[in-house]
Amino acid sequence: MSGSDLIMYEEEFSKIDEELQKLYIQTNAKVVFLVDKNGQLIASAGETREIDTTSLASLTAGNIAATGGIARLLGEKEFTILFHEGENDNIHISLIGQRVILVVIFDKRSSLGLVRLRVKKSSEALVTIFNEITNKSEKEKGSDSLDESPFAEISDEDIDNLFK
Amino acid sequence: MSFINYSSREINCKIVYYGPGLCGKTTNLQYVYKKTNPDQKGKLISLATETERTLFFDFLPLALGDIKGFKVRFHLYTVPGQVFYAASRKLILKGVDGVVFVADSQIERMEANIESLEDLRINLAEQGYDLDKLPYTIQHNKRDLPNVAPVESMNKLLNPRNVPWFEGVAVTGPGVFETLKNVAKQVLIELKKHY
C-alpha cells in the first residue's frame, strides 16, 4: 500500500509553491490550489483565508473521480478538464499527469481563455516537479536515509496521546 | 495512500467507513463530529439525498495532534451503502489507508452485511488492495436494538480472521471512538513499518 504514498520534501514543495504563486499572478485568479487525486490538499496560493480548502480539496477530488467514472463508462480514458461557471466565481479544474488536480478559482478580473492558457504552461512545469518527487521517494526508500522520519521511534504512547 | 509532507510537517491518512445501507456509517461520523473539539475538526460534508441517504460520500477531516512534531490528520469518509451506488463506492476507496466495516447487528440484516463485505473485498481488489493486508476494524453496530444477533455468531460470519472488533451504538456513542482509535492506530503502525 505504501508504494503509492506521496512524500513531499522541502525542496520540491517550495518549487510547487513558486509555480502556484506564478500561476496565481499570471491568471489574475482569486485562488489557485493543488490537490492529490485522493483529496489531500498539497499547496495553495491566493485568497485562501475565506475558503475551507480542506473540504474544497476533498470535493474536487470526488468531482474528478466521478467524472473519471463517467469517462470510463463512455470508453474515454479520462476527462482532463472540468469547468464550472457561476454567477460571480468560476472554477477551472484540470488533471495533471494523471496524479494531481490543479484548481483555479477566478472571477471577472480574469477569463477562461487566459486561465486555460496559463494552466497548460504550469501543468508542464508541475509534471516535471512531480516526477522529481517520485524519483526522490523511490531513492530515499531504498537507502534507509530517512533518519528524520517521524515514524522511526513512534510509540504506542504517542498514538494513545492523540486520542486524549 | 497517505500523504507525508516534510515541508509543512503533516501526515494525512484516509479512513473509509464501509457497510450495508442504513448500518450507521454516517451516524458514526456525526457522533465523532459532535464530540470533537472545534479546533480539531473541519466541516462535516455530507453529499446526501433529500431523505438523508448518502449519495456520494460524507467527509470529516480530523487533526488529532502531533507525533514527533508532525501534525497528524485523518480524513474520514463514508461510502453510500445502498446497493445501486456501487460505482460511487468504488471511487471512495481510492487511496484508502484503513477500513472500518460497520455491520448492522439486526438479525434480518445479516445477509446485507455479508453482501457488503463481499462487495468491499471485490472493490478493494479492483484498486489493487487486499483487505487482509489493510488496517481493518469491524464495528457491530446497533447493539441497543432488541432483535440483534449474538456477537459470537456475527464474528463467525463476518470476522473469520478475528480482526479487532467493537460493539457499537453509533447514535449515542458507545464504541464509536474505540473503533476509530483502533483503526487509526493500525494505520500509524503500518506507516511505521514502511518509513
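**View 1. A nonpolar surface patch in chain A of this predicted model.** Ile70(A), Leu73(A), Leu74(A) and Phe79(A) together form a nonpolar patch on the surface, with about 450 Å² of accessible area (Shrake-Rupley method with a 1.4 Å probe, only the protein chains shown counting as cover for residues). Ile70(A) lies in helix H2 (residues 53-73) of chain A, and at 47% relative accessibility it counts as partly exposed (buried is under 20%, exposed over 50%, partly exposed in between, with a 1.4 Å probe and protein chains only).

**View 2. Packing of helices H3(B) and H4(B).** Helix H3 (residues 110-126) of chain B packs against H4(B) at an angle of about 30°, with the axes 10 Å apart; axes are lines fitted to C-alpha atoms over the stretch in contact, and angles run from 0 to 180 degrees between N-to-C directions. Met110(B), Asn113(B), Ile114(B) and Leu117(B) in H3(B) meet Met154(B), Leu157(B) and Leu158(B) in H4(B) (contact means heavy atoms within 4.5 Å).

**View 3. The loop residue Asn159(B).** Asn159(B) sits in the loop between helix H4 (151-158) and strand E8 (165-167) of chain B (DSSP runs, H or I of at least four residues for helices and E of at least two for strands, numbered from the N terminus). Asn159(B) is buried, with a relative accessible area of 5%, and, not counting residues up to four places away in sequence, touches Ile138(B), Met154(B) and Trp165(B).

Residues are numbered from 1 along each chain as its sequence is written, and chains are lettered from A in the order in which they are written. In this predicted model, local features need pLDDT of at least 70 and side-chain atom pairs count only at pLDDT 80 or more, whereas totals for chains, interfaces and linings use all residues, and side-chain values use heavy atoms, with hydrogens and water left out.

Conventions
Patches are made of residues with over 30% relative accessible area and no salt bridge: like charges are joined within 9 Å, nonpolar side chains (Val, Leu, Ile, Met, Phe, Trp, Tyr) within 5 Å. A salt bridge is a side-chain nitrogen of Lys or Arg within 4 Å of a carboxyl oxygen of Asp or Glu.
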